Amino acid sequence: MVYFVDVILPIPVDNAFTYRISETEYSFIKPGMRLAVPFGKSKIYTSMALSVHQNEPRIYEAKEIEQILDETPIVHPEQLTFWQWMAEYYMCTLGEVMRAALPGAFLLESETIIKRIVKNSSQPHLDVLDEEAEMILQAFENKPILRISEVMQLLGKKRVLPSIKTLIDLDLVMLDQEIYESYKPKLISYVRLTPDYEVEKMMHQALDELDKAPKQREILLTYFSLQARSKKAIKSKDLQDASSATAAQIKALVSKGIFETYKIQKDRIIYSGKEDSQIKDLNNQQERALKEIKESYSNHEVCLLHGVTASGKTEVYVNLIKSYLDAGKQVLYLLPEIALTTQLVSRLQEYFGNQLSVFHSKYSVHERVEVWNNVLNKESKAQLILGARSALFLPFSNLGLVVVDEEHESSYKQYDPAPRYQARDAGIVLASLQNAKVLLGSATPSLETYYNASSGKYGLVTMKERYGNILMPENSIIDIQDRQRKKRMTGHFSDDLQRAITDALALGEQVILFQNRRGYSPILECNTCGHAPQCPNCDVSLTYHKHKEQLRCHYCGYHIAMLQKCMACGSVELDTKGFGTEQIETELKALYPDYSIGRMDSDTTRGKFGFEKIITAFEQGEIDILVGTQMLTKGLDFRNVTLVGILNADNMLNIPDFRAHERSFQLIQQVSGRAGRTEKRGAVLIQSYNPHHQILQQVSMNDYEAMYHEQLEERHIYKYPPFCRLIKITLKHKDFQKIEEASQWLGQALKNIFRDEILGPEPPPVSRIRNEYHRNILIKIPRKQSLTKTKQAILKVRTSFLSISQFRSVKIVINVDNY
């Protein structure tokens, strides 16, 4: 009998591939196991087993697998079903979903290595070898095998294949593929007395012998002291620190046979605080909300908790989570931004201790593998998972509840690479597959979610009062056009905002200032000829960053040193237009030299603990004024902030996007919610050139309902979600002529099928990025139209498009639910 296995490869190919296996392998391999398989001429990939069968492929001859990498499946069948749904719904391949789902360490890497052929060690061909080939052969005297990367390093050049090919032709070396496991468990080194010296008599003898080595004697005495204090095993590092010794001195005691070292595998993410602090008692509003949520789950799978900022939604989540954990279920708690996990981890650890694990992309590969394995093995330390959108892919087998906090956030949408999924929507599907419930929480829900809740598809629970009956912040709109005319502006601060900041600081309170643009200034302009330096790779002006004295492109990273004179006319009269967080920080330092100013944007929060350092410093009162971009808006809880200033509300309102007004309302409302979260009522000052704008008026009155009804009416008239679905197709190419022809052809082909439901092709606001021209086509799909058939038609058109040889080099990106 002949046996086969179908596998997913982590590359963007549409079909699964079939490989030949033995009878023993057939009985051993289960779906969800990783297999190393050959693909193409020389590559080896880590694949995922989908199914085993006895049907030979008709089109190609099945190769044999290289090896089985797992003893048991690392992915559950339910997960594979979830992957297949994601690939179908978001119009991508299973391989792309697999690459997004698995931590990098699970995708074993294949690297070409060179082995010395021993039988030819007499080296009869040395006279025909060039200098580089000789160097490679000499390197084998120290090592039995060499990697290509090591040969590159040895020769100091990238083109090494000709020399290697010479050695292969002469039968002196051979190429091979080595598969190596990227994940290495963290091993902690511990120290203990050898069995001989645990006897009291030998212990005294050892101390006597060490009279001439006082430092080693001190180490031994420190060891006894640590042992007396704690019954736990003693780490080598702790002993070294406690006795102010070196590793060599501890090693000397090991060589004398007094100590022995041993290693224990440790998880990288551990909680060392006290567990199970008392969960806070809920107030009447929270009690009612929790009761209504539980009741709604008898009729609905999904419930929306619409609670104003600081109404105490997190405490409701905590009580709900506790009931599911007590029932032995796993809980997934999704957050939009890594910044939020910093504050929330400490809060949740106080309640749930070691039941909590954290999973997001700022953690190392090894840390993510540990969380994955803990969830897979249903460990007690992985019952509650707190994570960003990638946590959806963890191998849950007993999921009871999915909490999506700040569900309106655009960060839940993955834009690049594929799969371009919306974590909130995918979380609802995941919960449905696992028979779990979903709780969506927000002070400013997305229009689609609120529409689903209002129409009865989801449950709806509201919390309209802040915790402790604290008043909502007082919103004031400042007309900066009027202030400029009356010369009542200092830099970018109106007199009202400056007075409010001064008063808050005098009372020892903290201030948050919001400007949704990083850098110092978005445009540098010549006053003589009007020239503004542009990025050579993208259709945008370069942003000035004063800290580094650089002009930088925020799309491709291109940068040049700050110009001393105009590149066009040579004039030295250069001026900056517009402003970003860096310029606000500079102005504040001049206005308030005695106070500490902090900045929170993607320039200052790079690195694993970037967010944590700034948030902790602000929480502890080390920073008086915090300037930031939209990172500030996402659910952070600062107790001493009484004033929030929004420096320019207009640049958010004028973005060419059908969600611009909804997003502006959400951003301003969320950043306002950081103010006055304790007894004192907070104040929010919004600076704008258009103070009578409908959205600003709605924000100032905290009127979500008015914004919702107005925007819903507009969406209905112009056919946008929630009244239809959107699929955006983006074409990219470096040749302007080719992208024009290709986009016109594709646009016309789609119009022939979908008629008036096609918008475009149109260039986006930034039409060239990284030297590639972009064209967008938007497809609107009415609710009554079959989504599946629409997608099939789009894929059919794409296949026809790619069969035209001149268009084959044009990249096509399909983005389902692109908002």
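Visitor: Which residues make α2 and α15 neighbours, seen from both helices?
Guide: Glu78, Thr81, Phe82, Trp85 and Met86 are the ones in α2, and in α15 they meet Ala426, Val429, Leu430 and Leu433. Here, a contact means heavy atoms within 4.5 Å. Keep in mind that you're looking at a predicted model.

Visitor: What angle do α2 and α15 make, and how far apart are their axes?
Guide: Helix α2, residues 77–89, packs against helix α15, residues 423–433, at about 145 degrees, and the axes are 10 Å apart.

Visitor: What makes tyrosine 3 count as buried?
Guide: Buried means under 20% relative accessible area. Tyrosine 3 has 8%, so it is buried.

Visitor: How far apart are tyrosine 3 and valine 52, in sequence and in space?
Guide: They're 49 residues apart in sequence, yet 7.4 Å apart in space, going from C-alpha to C-alpha.

Visitor: How do you know that β1 and β4 are paired?
Guide: Two strands need at least two bridges between them to pair. Five bridges join β1 to β4, so they pair, and they run antiparallel. Along the way, valine 5 stands opposite valine 52 in β4.

Visitor: What joins β3 to β4?
Guide: Six bridges do, and β3 (residues 34–39) runs antiparallel to β4. Arginine 34, for one, stands opposite methionine 48 in β4.

Visitor: Why is β4 described as largely enclosed?
Guide: Count its residues: eight of the 11 in β4 (residues 43–53) are buried, so the rest of the structure largely encloses this strand.

Visitor: What makes β24 and β26 edge strands?
Guide: Their sheet is open and has three strands in the order β24-β25-β26, with antiparallel pairing. β24 (543–545) and β26 (559–561) each have a single partner strand, so one side of each has no neighbour in the sheet. On average, neighbouring strands here are turned by 30 degrees against each other, direction ignored.

Visitor: How do you know that β24 pairs with β25?
Guide: Pairing takes at least two bridges, and three bridges join β24 to β25, residues 550–552. Histidine 545 has glutamine 550 in β25 as its bridge partner.

Visitor: Stepping back, how do you know that the radius of gyration agrees with a compact globule?
Guide: For 819 residues, a compact globule would come out near 28 Å; the protein has 31 Å, which agrees. Its C-alpha atoms fill a box of roughly 90 × 80 × 70 Å along the principal axes.

Visitor: How many helices and strands does the protein have, and what share of its residues is buried?
Guide: There are 26 helices and 36 strands, and 52% of the 819 residues count as buried.

Terms used
Residues are numbered from 1 along each chain as its sequence is written. This is a predicted model: local features need pLDDT of at least 70, side-chain atom pairs count only at pLDDT 80 or more; totals for chains, interfaces and linings use all residues. Side-chain values use heavy atoms; hydrogens and water are left out. Helices (H or I, at least four residues) and strands (E, at least two) are DSSP runs, numbered from the N terminus. Axes are lines fitted to C-alpha atoms, for helices over the stretch in contact, and angles run from 0 to 180 degrees between N-to-C directions. The radius of gyration is taken over C-alpha atoms; the globule rule is 2.2 Å times the number of residues to the power 0.38. Buried means under 20% relative accessible area, exposed over 50%, partly exposed in between (1.4 Å probe, protein chains only).
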